[in-house]
Amino acid sequence: MRKRLTVDPIACKGHGLCADLLPEWIQLDDWGYPIINPERVPEHLDAHARRAVAACPALALALRDDLAVSKG
Amino acid sequence: MPKMLSWPMAPPAGRQHGLPRLLATEAGSSLGQHLEDWGPMTCPPRALIDEVARAGLRGRGGAGFPTATKMDAVASRRRPTVVANGSEGEPASAKDKVLLKSAPHLVLDGATIAAQAVGAGEAFICVERGANTVVQSVADAIADRRRGGTQGVALHLVTTPNRYLAGEESALVHWLNGGDAKPTVTPPRPYERGVHARPTLIQNVETLAHLALIARYGSDWFRAVGSPDSGTALVTVSGIVARPVVLEVALGTTVADVVAAAGGSLRNSEAVLMGGYFGTWVPSSTAAAAHLGVDALRSIGTSMGCGVIAGLPAGTCGLAESARVTRWLADQSAGQCGPCFNGLPAIAGALETLVDGDRNGRAAKQVTRWLTMVEGRGACRHPDGAVRFVRSALSVFAADITGHRRHGPCRATPPMLPTPRSGTWR
């Protein structure tokens with residue numbers, strides 16, 4: 001089962017490395033915080049997604065199996 | 001001669017039909033007087049959740065979630081605990097404070113039997129720390145019960161900081177666990193892992209008071225008032241009345257009738273703020289005929305929220321009111337999530353420009369972009385509520401935006417929606 005890339009919005013400090021490493025999947029908002037594609041990460045971006053997760057200085061990124069994140 | 005205690009019981013004479021229900025009590029009643037007025041709770045705790053499901057009770061804290069579903073989620077887990085949320089950080093709402101002053105024993109009854117029903121041995125009763133008379137009322141009621149025996153459920157009074165978000169469920173849990181009254185990331189949700197890492201049932205104090213009556217008189221009695229949604233609800237009516245008033249109304253009553261019962265009228269009012277500062281403005285022409293209830297309000301793009309009904313008085317600028325509230329909501333951010341603590345002030349600034357007169361149209365474009373940018377990207381629903389509120393203001397007061405662009409801001413009128421000073425997070 002392919003995973004989703006999620007961000008912990010409290011841990012995230014807006015460093016922006018994730019968007020540098022994975023521009024196909026992550027954009028930065030007007031204040032430097034990541035807007036992440038909510039779909040499951042496709043295979044060809046797997047390695048880049050893992051690199052982004054590892055590179056986050058705040059450890060705010062994760063690849064998760066969960067159902068679609070709803071803010072409910 | 002001991003009375004025969006059956007389940008469900010018939011309500012005492014004078015409390016069978018109609019209203020009021022929750023607000024039928026004299027403030028300051030002792031436990032003895034309370035039991036004489038209402039009778040004891042006779043519902044076997046293990047039967048309560050099914051009865052609440054039959055009654056169709058929904059939460060009265062703002063989300064309107066079915067109460068039985070919430071109780072079930074916790075009852076199926078080990079060593080749960082219960083929180084009665086009376087913190088009421090919503091400035092335009094006073095119903096929880098009124099309830100806790102006039103009928104604290106109903107709330108404590110509800111907390112007690114909810115705890116018994118889910119298998120918890122304690123309940124935390126949370127009240128905002130600045131509300132001294134309310135805190136005293138609850139403290140006195142708990143002390144009264146200690147003298148009489150607490151039916152196996154320990155009740156703990158906890159005061160919460162004077163902040164809008166202190167009553168948010170994860171913030172309340174964080175506070176009870178010794179942290180700041182700031183929201184945390186979920187999952188895990190409180191019903192999975194909350195206070196002291198235990199499955200936690202969090203219910204608004206009004207919800208618990210309704211539970212306390214269902215635990216006496218049953219679901220048929222509860223459903224005898226209110227249609228299509230069952231029961232009564234507490235609402236706070238403000239704006240188009242001389243002073244804010246808390247009323248108990250049957251669900252299904254029209255907004256116009258509620259306002260009339262509060263001594264006001266929507267006749268000369270342009271719009272009504274429904275639900276709270278996380279709710280929506282609705283044109284009065286639409287709102288007046290709307291019946292209070294989930295489906296009816298959803299069909300006009302709004303909801304009960306926490307029962308706020310604030311009518312804009314004639315001559316008061318809805319756009320200016322909205323800008324002021326939005327700035328307050330921005331200031332209430334916990335400052336934890338970038339999109340929220342950056343986005344809400346930016347949105348507030350854009351609204352302030354719209355109030356002054358957005359001559360080049362840039363503020364209108366930016367605010368629309370920012371609303372979409374911020375929505376859903378915080379740890380809690382605070383930015384979502386602000387976005388909902390602002391979107392409704394931009395729609396309902398669109399003519400004002402155009403007017404201000406041409407003529408500048410309206411002549412100032414006294415503020416209508418309260419934006420109180422707040423305290424610390426600890």
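## Two helices side by side

How are α2(B) and α3(B) oriented to each other: roughly parallel or roughly antiparallel? In this predicted model, helix α2 of chain B covers residues 45-55 and helix α3 of chain B covers residues 67-75. The two pack at an angle of about 155 degrees, and their axes lie 8 Å apart. Angles over 145 degrees count as roughly antiparallel, so α2(B) and α3(B) are roughly antiparallel to each other.

The crossing of α2(B) past α3(B) is left-handed. On the α2(B) side, the contact is made by B:Leu48, B:Ile49, B:Val52 and B:Ala53. From α3(B) come B:Thr67, B:Ala68, B:Met71, B:Asp72 and B:Ala75. Sorted by class, the residues in this contact are seven nonpolar, one polar and one charged.

## A look at the cysteines

A disulfide is a covalent bond between the sulfur atoms of two cysteines. How many disulfides are there over all chains? The count comes to zero.

Take A:Cys56 as an example. A:Cys56 counts as buried, with 14% relative accessibility.

In chain B, B:Cys317 is in no disulfide either. The nearest cysteine sulfur, that of B:Cys410, is 3.7 Å away, whereas a disulfide needs the two sulfur atoms within 2.5 Å. Is B:Cys317 buried or exposed? With a relative accessible area of 8%, B:Cys317 is buried.

Technical notes. Residues numbered from 1 in each chain as written. Chains lettered and ligands numbered in written order. Predicted model: local features only at pLDDT ≥ 70, side-chain atom pairs only at ≥ 80, totals over all residues. Heavy atoms only, no water. Buried < 20%, exposed > 50% of the residue type's maximum accessible area, 1.4 Å probe, protein only. Axes fitted to C-alpha atoms, helices over the stretch in contact; angles between N-to-C directions. Helix = DSSP H or I, 4+ residues; strand = E, 2+ residues; numbered from the N terminus. Parallel < 35°, antiparallel > 145°, perpendicular 65-115°, else oblique. Left-handed = near helix turned anticlockwise from the far one by under 90°. Contact = heavy atoms within 4.5 Å. Nonpolar A, V, L, I, M, F, W, Y, C, P; charged D, E, K, R; others polar.
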